[in-house]
Structures are given as structure tokens and as C-alpha cells.
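I opened my notebook for two topics today.

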Amino acid sequence: MLKQIRHRYLHRLPALTGLRSTVRKKLPGLFLLTAAVLTASLAPVASIPAKASSEAELRLETHRAMGIQSNDIPGWPEGPVVGAESAILMEAETGTILYSKNIHQRQYPASTTKILTALITSERCGMDETVTFSYDAVFDTPRDSSHIAMNPGEELSMEQSLNAILIRSANEVCYAVAEHITGTTDWSVFADIMNERAEELGCLDSHFVNPNGLPDENHYTTAYDLAMIGRAFFANEMLCKITLSRRIDFPATEKLPLGKLENNIMKIIPGGEYAYEYLVGCKTGYTDIARSCLVSCAEKDGLKLICVVMHDEAPYQYQDTIALYEYGFSNFAKINVAQTENKYNIDNTGLFYSGNDIFGSSRPFLSLNQDDFILLPRTASFDDTESSISYDTGNENQAAVISYTYQKVPIGSVRVSFSANREENSLFDVPPEDMQPVPEPEPEKPVIFVNVVYIFIGMGCLAGIVLIVLLVRAVLKNYVFADRKRRSKRGKNGRKEWRKRNRRMYKNRK
């Protein structure tokens, strides 16, 4: 048996040997031919990245050579050079602009549009609502754009939809949510809602035509406007938490047979290549026209900043953002106005409150809001600021608003409230020797200040005068009455003596 097997294969050795010889002879030629084919096929592919890379580098050089407007402010900390064409660093609560570079220049926002879509969704919808995907929502989404491959008829909860929008930048989910809110696949209806909300948030030069940021020449915004939208977005703790999630993991259901598992590819979140430890939330965006965009928020030592970079090149959108945050945290500080302000005390007419409390229970009529603050460069002092008062606050509980500037840059304001809270500092709760003149109010809006202490002192003096008058009157009255009493007593004694003399004379006559 073994011999038969050996014979069956051994008689083929000559043929195998010949084949091996043939292959050995022709192998160099085959190798050269394969190398030539590969070289020819790869040459165009290799040239494209090289060309794209050179264009990106040229754009970066051009953008880095552009002026930084905030660096032209006297005494303002010099900001870093970034590769973004437009960039802004803004304090979240006051809206103070710490860094500005072409912040009002129109740019395509790409997927950073979705922070406005997500904000509107969170304001109008419950998280347990069901979003059903229509044919239009799915097939109006280009297959080469960001999506999670939803099919018509499938469903997600609203919470899952927000996760898909903010974590995986899913364009078809944006369409489905817009349709859910408006009841139509006419995306301009939802765009009208976006434009109205953007105006409410303080946007100055934005126009949106779709909910996801897909390219359209009429879909644009600015770095400043995105930062203003970001102030509302990053104030929402739920939305911020979603953006930092590492992945979406939707379990399979009857209406989502395969479930969904997608990773967050934003590189600035925890665990990412450019992870930033103080990050609060973020959203990236990219199209060939918009290039790389990033809107984000970070907080350190109680200072909350919003950063927007637009028309940047990857991965510099992350590096530029981190550089701007480090610039902001290093060079600026919060100043509590109520603990620092002393310019608005009146020493001539006095004010509503004094430390010399007669009754021990008086409280200030007006006070500076204890929580309001301004932003100042660490190299500047509060005395370097300028301020102005506005009495038209639109709030019945507020008497005025004091706005501050440094080198003509708005840096925050403080509310002047009607208050009886001792924990808040009175406008006038300082020693008289430290008081400074109050800037004269506008003639058309005069304010009359009343000093309660002076009134009490005046009333006391008046009461003292009245008391003295009454005392003098009483003394004079008592003196006159005593004199009359003595005269009356002398008169009675005289009449008695006269009667006695008459009686003696009468007896003598007898």
C-alpha cells in the first residue's frame, strides 16, 4: 500500500521539478512586472495626499499670518498664534471676549451646527419620546457623510437620538429629529426655528438652512455666534455629559433589529489623543469647504471658558483649542464686584444704610449682587476699570446695572438690587473717609438719595428742642404760680389782722 502511494506521487516529481525550474526562471520577470503595476497604480494615489498636504500647509501659513484683534488692545495679554482662520475665547457667564481673531467673519460651520439642533431638541422634547425614521430622513443623507446607517421605519428614543447626534454626528438622525419636532420633511421649517433661536441667543450674523450642517452656501455662522450658542449649550449638563461619552451602545429592539454600537472619534475627550483634563463638553465639524471646526468648553478654578476655532486643519483644531484655554486660564482672573467696588458711595447726601445703626435692625435698601463678577487680566487692577450705570434694567427687582470696561473692552457687569439681605454688601457700607464721589447720573434719569440716619438725627434734634421748650415753659409756670400763692397768702393774713383790729376797736367803744 505504501509502495503504491509512493509510486503515485514520485512519478510526478519530474513534472514538479520542471515547474519549479520554470517558475524560478520567470520569477524575476514576474516580480518586476508586479512592481511596475503597483507603482503605476499607486503613483496617482500618492500624489493626491502630497498635494492635499501642501494645500493644507499653505492654508495654515496664511491663517497664522492673519492679525489677532485682541492682541491690538493696550495692556491686554498677548494671545497665541493659531492656524484657524477664525477663533474666539469667551468667558461663559459674562460673555467677556478674551481672545478674538476674525470672530465676525462668516464661516461654514459643518457639524458644529448640531449644538444648536441638540439645544432646541432638549428644550422642546422629552427624552422618552420616540423618533421614527422616514424615507426622506434616511435618503436625504449622503452616504459619504456622517451617519449610523438607520433604515426607514426604525426607531430611537429622543435620548438615543441626541447621543447619536452629539457622539457620532449622525446626519440622518438630525433630519429625523427635525421632522419629529416640525411634522414635516421640509427642512426649512426647522431651519426657521434654528434662526429664531440663534437670534434670541445673541447671534449677529448666522443663517441656517438644515439641522446638520451639510454644505450649503446659505448655511453659515461666525465664531462669535457659535460661542453665543455655546453659552446656552454648555449650560446644559446633560448635553455636555453626552459629548464626553466614549461610545453609543443601543440595544437591539423590534424597531432596531441590529442595535447600534459606535465610538466617539473626537480626540479631545477623556482618553483621546489630545484629551484635555478641564474639558466640559465639545463638538467637532468637518467638510471639505469648512475644514476642521471645534466648539468646546472648559472649566478650571471656577473660570468657565468657551473656545471656537473655525476653518482650521487637522489635528491643529485640538492643539489650537488647548493653547487658547491655557492662555485664558493663565492670564485672566474673576473679580467679585461686591467685595471690591467702592466708587458708588455718596458722601454728601449719604445713602440708604450706615454702620451707625440706631435701632440695630436697619438693612440696606440697595445692594450689589454678591455673585456678579468681572474678568480682568492678572496684570491689571480693579482701579484700572471704567464703569457706567444703566437704570433701564427691565427688571422690577433691580434698580440699576453697573457695566465695566477695561481698555474699552466690556468685561462684565453687576446688578444693583432692591434687597434686605444682610449677607449682600450695601453700596454704602464703607467708612465715610473711604467714600468716593458717585459719577453724576444722566440728567434725564435723576435719582434722589435719602439718608435715614440723617433723618433720625434731625428728628432727635427736633424732639430735643421741643423738650427744652416744654421744660422752660414748665419752669416759668411753676415760678408764676408760687409767686401768686405768696401774694395770696399775704392778702389773707392782712384781712385777718384788719378784722382783729376792728374787733378790738368795737370792744373799746363799748
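I count angles under 35 degrees as roughly parallel, over 145 as roughly antiparallel, 65 to 115 as roughly perpendicular and the rest as oblique. I am working with a predicted model, where local features need pLDDT of at least 70, side-chain atom pairs count only at pLDDT 80 or more, and totals for chains, interfaces and linings use all residues. Residues are numbered from 1 along each chain as its sequence is written, and side-chain values use heavy atoms, without hydrogens and water.

**Helix pair.** I looked up helix H3 (residues 114–124) and helix H5 (residues 158–167). Their axes come within 10 Å and cross at roughly 165°. H3 and H5 are therefore roughly antiparallel. (Axes are lines fitted to C-alpha atoms, for helices over the stretch in contact, and angles run from 0 to 180 degrees between N-to-C directions. Helices, H or I, are DSSP runs of at least four residues, and strands, E, of at least two, numbered from the N terminus.)

I then listed the contact (heavy atoms within 4.5 Å). H3 gives Lys-114, Ala-118 and Thr-121, and H5 gives Met-158, Leu-162, Ile-165 and Leu-166.

**Rings.** I found 13 aromatic pairs in the structure. (Rings of Phe, Tyr and Trp, the last by its six-membered ring, pair if their centres lie within 6.5 Å; planes under 30 degrees apart are stacked, over 60 edge-to-face, the rest tilted.) Tyr-276 and Tyr-325 are stacked, at 5.4 Å centre to centre and 10° between the planes. Tyr-276 sits in the loop between strands E6 (260–263) and E7 (279–287), and Tyr-325 in helix H10 (residues 316–331), so the pair ties together parts 49 residues apart in sequence.
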